[in-house]
Amino acid sequence: MSQGLAILGATSKIAQEVARLAAREGRELLLVARNEERLEAVAGDARSRGASRVECITADLADVSQHEALWKRIEQAMPEMGAVLLAYGTLGDQDLAEDSVAYTLRELNTNFTSAASLLSYAAASLERRKTGVLAVITSVAGDRARRSNYVYGTAKGALTLFVQGLRARLFASGVRVLTIKPGPVDTPMTAHMKKGLLTASPKSVAATIYREMEDGKAEVIYVPAYWRLIMAGIRAIPESVGKKMKF
Amino acid sequence: METKSGGTSIVPHAADAKGDSSYKSWGNYPQATHHRILRPAWMDEITGAVLRENAPLLAYGLGRSYGDSCLNDGGTLMDIRGLDRILNFDAEQGSILCEAGVSLGEILLTTVPRGWFLPVTPGTKIVTLAGAIANDVHGKNHHVEGTIGCHVEQFELVRSTGEQVICSREENPELFAATIGGMGLTGIILWAELRLKKIASAQIEMDTVAFASFEDFIRLSSDEEGAKYEYTVGWVDCLSGRKTRGIFMRGNHAKDGGLRTHPEKIKLSVPFMLPAFTLNPATIWAFNNLYYAKGKAKAGHSQVHYDPFFYPLDKVDDWNRIYGKGGFTQYQCVVPESEVAAFQEILERIARGGQGSFLGVIKKFGSVRSPGMMSFPRPGLTLALDFPFRGAKTLKLFAELDEVVRAAKGALYPAKDPRMSPQMFRLSYPRLAEFRKYVDPTLSSSFWRRVVEEKA
């Protein structure tokens, strides 16, 4: 991906670290996020660290009704788009979701529906240009619904399937589609959680993502890689046992 | 991926009812238990967090202060490493504007390839910019450039009233002066702007010379000799008693050699605390002998990269662990040049006590004045000595050294100190009463309570 990189959800911690790596190589960046002030800080950081050009678009990515117009702006701002990284999402609060259907639907919209909408526009763009990388951060949580966070898990699981579908669709046009499944990462999203040995640093996760986007061949990566094994184990738990588990 | 609602990322880092004791100072002595840890990710979260805080609050960066000036026992720590963005780098004019938690190493990674260097750097690049300002750090070029505070253009400070104040030499100059060297007590720094130094190469032209007395050292760092070199520093063998000996290092930025940065990853590390007996008088004696012999053998001219020249210890991650669980401490004082006999006295007392000191670093400070009210460097000679912390024995030795420093009208450095008395602090900082007017009532540290508050 030698051309520009567009990051959707550029103020997420992992996205910021990816932007830094790209900036250091002198890449062009298009950063999209909701909070203008924070986005400006991230853009300043990318410029300072060597990005050849940084464009910002302030937008609420969860607002599906604006996506068509938003994608037009994105294409105008970066006509030479070589790669798209979708990096936004909310962990949400499972208890709140169980108390409120509206909240559940909002979380599903943020983490799945809106992402599917944006990815559809992105896929069409890259398909037309017959080149590029479409990388999407989902989560290990999408590999199996669990008692403690199945709303988040469901959205990420659906997103994983959707991206799998896009991979099949874009294969013919030479566009590479990369599914990224991080385990828990030490970011503001997980600030309230206890950090264990399995909590990865955003810097190392971003380094893996960027390297894979740049010169990797994989279709699906777990970050760190050992999560592939852990999740295989978790998926193998029979339903009759899984339904009794609280984790 | 991240929460969409702005304020949630600062939720207190999960600590159980006993509090959090994972935040330590570089010397691992003393220890502290913090009631709460805040980890803001954005500048816009700070003001609200400061307003909500009712326990004593202190910002914490990379924890390279040796003693307790970066700790806040029983209070709240705000870990500002999340504020790690470089907001603007002007590679034409040579200035950089960074969020508070950006480290000096990260600044170098960005600026060196474009031909700019830190105007002043301490002996480690693993410190945050805000921490460097709060301690008004100095380096091997103090005789030319003064402290880092001399090169700070401006910064923004959050006070516990909720005010956000821009401070510079023109705007709020008193608060600017109080914050430089202000030990984090005047407010939380959000960002700061630093003027940089133009370089043509990342290499340093270095000379090494052996010296055999403090008089020798003074001659080597004299204005005529020292002025030829931007960077000068001496190392003294602390166990040699009357027979002072040491290695003098001096250097200038090279004119060629490329603009390669230091490696981003640290390859070596001390993975766990070594047992306390690793460092004993015999091993320290052996080390000092070896270091002296090596330095003497290498005497002469060489060209070296800035990384080993300025930051030899950064090569080993967590090197402080060689001192074991008991921790270690540093004794750093400054005395007027006319009182150099005090250093001889200090070394003799150390030799007599048999406690050993790994590294004795000596440097002649120049007369460039820092804007900082509480700045440690002042014209004279400074000596910094590392000691394994051995409880009462170490404290007794330090109390003796205090007497020597006091008689020489010297001063001690809070960034290195776990134990100085309120009286020693007062004597070291004549502008203390003025400084106290600018201390924010919500901010405090273990160090501050120790040196200014009356014991109940």
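**Reading the model**

Modeller: Start with one residue pair: B:Val236 stands opposite B:Gly246 in β13(B). This is a predicted model, in which local features need pLDDT of at least 70, side-chain atom pairs count only at pLDDT 80 or more, and totals for chains, interfaces and linings use all residues. Residues are numbered from 1 along each chain as its sequence is written, while chains are lettered from A and ligands numbered from 1 in the order in which they are written.

Biologist: Which strands pair with β12(B), and in which sense?

Modeller: Strands are DSSP runs of E, at least two residues long, and helices are runs of H or I of at least four, numbered from the N terminus. Two strands pair if DSSP finds at least two bridges between them. Here β12(B) and β13 (residues 246-253) of chain B pair in the antiparallel sense over six bridges. β12(B) also pairs with β18 (residues 360-365) of chain B, antiparallel over three bridges. In β18(B), B:Gly360 is the bridge partner of B:Val236.

Biologist: Is β12(B) mostly covered or exposed?

Modeller: A residue is buried if 20 or more other C-beta atoms, placed from the backbone, lie within 10 Å of its own, exposed if 12 or fewer, and partly exposed in between. In β12 (residues 231-236) of chain B, six of six residues are buried. One side carries B:Tyr231, B:Val233 and B:Trp235, the other B:Thr232, B:Gly234 and B:Val236. Of the 456 residues of chain B, 53% count as buried.

Biologist: In what order do the strands of the open sheet in chain A run?

Modeller: The seven strands follow the order β3-β2-β1-β4-β5-β6-β7, with parallel pairing. β3 (53-58) and β7 (220-223) of chain A each have a single partner strand, so one side of each is left without a neighbour in the sheet. Within chain A, β4 (residues 81-86) and β5 (residues 133-137) pair in the parallel sense over four bridges, and A:Ala83 stands opposite A:Val133 in β5(A).

Biologist: How many residues does each chain give to the contact?

Modeller: Two residues are in contact if their C-beta atoms, placed from the backbone, lie within 7 Å. Chain A gives 28 residues and chain B gives 19. On the side of chain A that touches chain B, the elements that give two or more residues are α1 (13-24) and α2 (36-48) of chain A. α2(A) gives the most, with seven residues.
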